[in-house]
Amino acid sequence: MNYYIVIPAHNEEEFIALTLESLITQTLLPKKIVIVNDNSTDKTAEIVIAFAKENPFISLLEKKSSAIHLPGSKVIQAFQAGFETLDDNYDVIVKVDADLIFPNNYFETIDKHFKSDPTIGMVGGFCYIEKNGDWILENLTDKDHIRGALKAYRKEVFKQIGGLKPQMGWDTVDELLCKFYNWKVVTDSSLHVKHLKPTGANYNKIARYKQGEAFYTLGYGFIITGIAAAKLAMMKKKPLLFLDYIKGFWKAKLAKTPLMVTEEQAKFIRNYRLKKMKEKLF
């Protein structure tokens, strides 16, 4: 299967060479890699250009946007800019962060999953972070969720869900819509990807409110939001984040912020979330 990769990058000179090196040494090479250099002020572009000279399937796109790092909107706008430069001759589209090191069989394994079952719509491995010299699982989500850092989509699914939504929560709503349309989401625990920069390292208070807003725009409702907010805050080992998430939810509700989904999809999402919660309790 042909797979294309889009990598949004902002001031990633420290890590992007490691990411690209791990991609050009894959046992199954990508057909195209587009790096979107989004308003970087360091040597990110120079590093990418050097790789592109040796690897013709790599290209660089320059993009200028706000230097403010808000999760969701900035990165997906950059992804979209890169995606629009690609042709339609792909089977799988992959959104990748610029601070990852992939095992060399990563995409060969992803390919095998997609080929094994035509109803599989998304596949991904797991992110590991370094702590005290060891690489440990970056345990921020359930084991059946694919991290936003390394999303691989079958073309048909990507088009059916309408691509990626440029706001926080994009990497949750994509999987929920995947399930809404009866596609399977597969996570492979054998695929350990090194995540060189922990998630949220550059997030500020406004960004934390955005998480609560995301819960609202996903159509969760207050009860599910409260449970999800408490769980996420505890997984991050920062209990006070719960208050930021709830405040963000109510700010979005009072502002009548548009949902990312239709009413029918929101109903499905609430029912699905409640079902998953009951499975864990009983």
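**A few notes on this predicted model**

1. Let's start with Arg147, which counts as buried at 9% relative accessibility (buried is under 20% relative accessible area, exposed over 50%, partly exposed in between, with a 1.4 Å probe and protein chains only). Its partner in a salt bridge is Glu138, at 3.1 Å from N to O (a side-chain nitrogen of Lys or Arg within 4 Å of a carboxyl oxygen of Asp or Glu). Glu138 is buried too, at 7%.

2. A word on the basis: this is a predicted model, where local features need pLDDT of at least 70 and side-chain atom pairs count only at pLDDT 80 or more, while totals for chains, interfaces and linings use all residues. Residues are numbered from 1 along each chain as its sequence is written, and side-chain values use heavy atoms, leaving out hydrogens and water.

3. The structure holds 14 salt bridges. One of them pairs Lys184 with Asp117, with the closest N and O atoms 2.7 Å apart. This pair links distant parts of the chain, 67 residues apart. Lys184 is partly exposed at 43%, whereas Asp117 is buried at 16%.

4. Glu108 and Lys112 also meet in a salt bridge, at 3.7 Å from N to O. Here Glu108 is partly exposed, with a relative accessible area of 28%, and Lys112 is exposed at 52%.

5. Do have a look at Ile5, which is buried at 0% relative accessibility. Beyond residues up to four places away in sequence, Ile5 touches Leu23, Pro30, Lys32, Ile33, Val34, Val94, Val96 and Phe107 (contact means heavy atoms within 4.5 Å).

Note on methods
Helix = DSSP H or I, 4+ residues; strand = E, 2+ residues; numbered from the N terminus.
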